[in-house]
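Take a look at the model below.

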Amino acid sequence: MPNSIVDSHAHLGWDSFQEDREEVINRAFESGISQIVQAGVDHASLPESLKIADDFPNIFNGVGLHPHEAKHWNADSADIVRDAFRHKSVVAIGECGLDFYYNHSERDVQLQVFREQVRLCLELDKPLIIHTRDAWDDTFEILKQEGKGELRGVFHCFTGGPAQIPAIKELDFFVSFSGILTFKSAKDIQAAAPLVAADRVLVETDAPYLAPEGKRGKRNEPSYIWITAEKLAALRGCSKDDIAAQTSENARALFSLPAPL
Ligand SMILES: [Zn+2]
Ligand SMILES: [Zn+2]
């Protein structure tokens with residue numbers, strides 16, 4: 001389907017969209033977005049995320065605890081994740097992982113809670129949405145140890161470079177590029193963009209964060225994904241339509257999404 005694209009990672013339930021959420025979502029679909037996957041960050045925001053998916057059947061959800069929120073993992077958390085999959089919009093676990101840049105949760109806690117969520121992916125046979133920052137070695141180690149080669153998932157908002165691509169290929173994981181790809185300073189990320197296999201590349205906004213070049217400093221929204229898609233196309237030496245088709249097919253494969261309605 002030409003001129004149709006999947007935003008593989010956004011947060012539409014957040015307060016920054018409180019005033020005009022419906023308009024933002026409608027603008028996304030009008031711009032040619034076919035489906036959106038929202039990432040989960042904590043338990044508290046889950047009901048709102050599920051409600052959005054009830055209202056918009058082309059919106060899907062991940063469920064999990066962001067590394068910033070890892071300290072809130074408790075005895076009920078695994079069941080909250082398991083139960084969430086009763087809702088038909090829930091297609092993945094995450095975003096979860098390690099963030100040793102901000103360290104909003106203790107490192108030991110982050111490591112443990114990431115392990116728990118990786119184990120849940122295997123138990124439930126669901127894909128993983130990984131958030132990792134300044135923690136590549138620990139992230140790869142946990143994925144190898146716990147994943148046993150059976151995991152599938154995506155490194156969302158890829159902020160690494162060519163150095164990380166071999167390990168990601170070994171894991172056979174997907175790589176998702178956000179608006180950061182369009183920043184002039186993002187040389188390492190740009191150098192990695194052509195190295196990802198065609199059947200493993202994704203694109204995302206991470207809205208409301210990380211607005212691409214030309215919109216920087218503003219609230220990001222899914223319709224801006226085309227700016228990132230265009231940059232990705234230039235870096236990979238193909239057309240924007242090719243990128244849209246390829247990344248959409250990949251997102252549907254990873255998240256087992258139905259055909260868009
Ligand atoms: Zn993230
Ligand atoms: Zn996110």
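In which element is the place of Asp 79? Asp 79 sits in helix 3, residues 77-84. Helices here are DSSP runs of H or I with at least four residues, strands are runs of E with at least two, and both are numbered from the N terminus. This is a predicted model, in which local features need pLDDT of at least 70 and side-chain atom pairs count only at pLDDT 80 or more, while totals for chains, interfaces and linings use all residues. Residues are numbered from 1 along each chain as its sequence is written, and chains are lettered from A and ligands numbered from 1 in the order in which they are written.

Is Asp 79 buried or exposed? Asp 79 counts as exposed, because it has 9 C-beta neighbours inside 10 Å. The cut-offs are simple: a residue is buried if 20 or more other C-beta atoms lie within 10 Å of its own, exposed if 12 or fewer, and partly exposed in between, with C-beta atoms placed from the backbone. Now jump along the chain. Leu 120 is 41 residues apart from Asp 79, yet their C-alpha atoms are separated by 9.8 Å.

Leu 120 brings us to helix 4, where it is one of the buried residues. Others include Gln 110, Val 113, Phe 114 and Cys 121. Helix 4 has 18 residues. From its first C-alpha to its last it reaches 26 Å, close to the 26 Å expected at 1.5 Å a residue. That expected span is 1.5 Å times one less than the number of residues. What covers the buried residues of helix 4? The cover includes helix 3, strand 4, strand 5 and helix 5. Contact here means that two residues have their C-beta atoms, placed from the backbone, within 7 Å. After helix 4 comes Asp 125, with a positive phi near 55 degrees.

Next, helix 5, residues 136-147. Its 12 residues should span 16 Å at 1.5 Å a residue, and its end C-alpha atoms are 16 Å apart, which agrees. Its buried residues are Thr 139, Ile 142 and Leu 143. Seen down the axis of helix 5, these fall within an arc of 100 degrees, so they line one face of the helix. The arc is that of the directions from the helix axis to the C-beta atoms. Turn to the face away from the buried side of helix 5: it carries the exposed residues Asp 137, Glu 141 and Gln 145. Over the buried residues of helix 5, the cover includes strand 4 (90-99), helix 4 (107-124), strand 5 (128-133) and helix 6 (165-171).

Ile 130 lies in strand 5. Ile 130 is buried, because 28 other C-beta atoms lie within 10 Å. Leaving aside neighbours within four places in sequence, its contacts include Glu 95, Thr 139 and Val 154. Glu 95 is 35 residues apart from Ile 130 along the chain, but the two C-alpha atoms are separated by 5.4 Å.

Now check the backbone. Most residues other than glycine have a negative phi, and most peptide bonds are trans. Where are the exceptions? The bond from Gly 94 to Glu 95 is cis, with omega near 20 degrees. Glu 95 is found in strand 4. The bond from Ala 207 to Pro 208 is also cis, with omega near 10 degrees. Pro 208 is in the loop between strand 8 (201-203) and helix 8.

Two loop residues have a positive phi. Lys 148 has a phi near 50 degrees and lies in the loop between helix 5 and strand 6 (153-155). Lys 148 is exposed, because 10 other C-beta atoms lie within 10 Å. Cys 157 has a positive phi of about 45 degrees and is found in the loop between strand 6 and helix 6. Cys 157 counts as buried, because it has 26 C-beta neighbours inside 10 Å.

Finish with a pair of helices. The axes of helix 8 (residues 225-236) and helix 9 (residues 240-255) come within 8 Å and cross at roughly 105 degrees. Helix 8 and helix 9 are therefore roughly perpendicular to each other. Axes are lines fitted to C-alpha atoms, for helices over the stretch in contact, and angles run from 0 to 180 degrees between N-to-C directions. Angles of 65 to 115 degrees count as roughly perpendicular, under 35 as roughly parallel, over 145 as roughly antiparallel and the rest as oblique.
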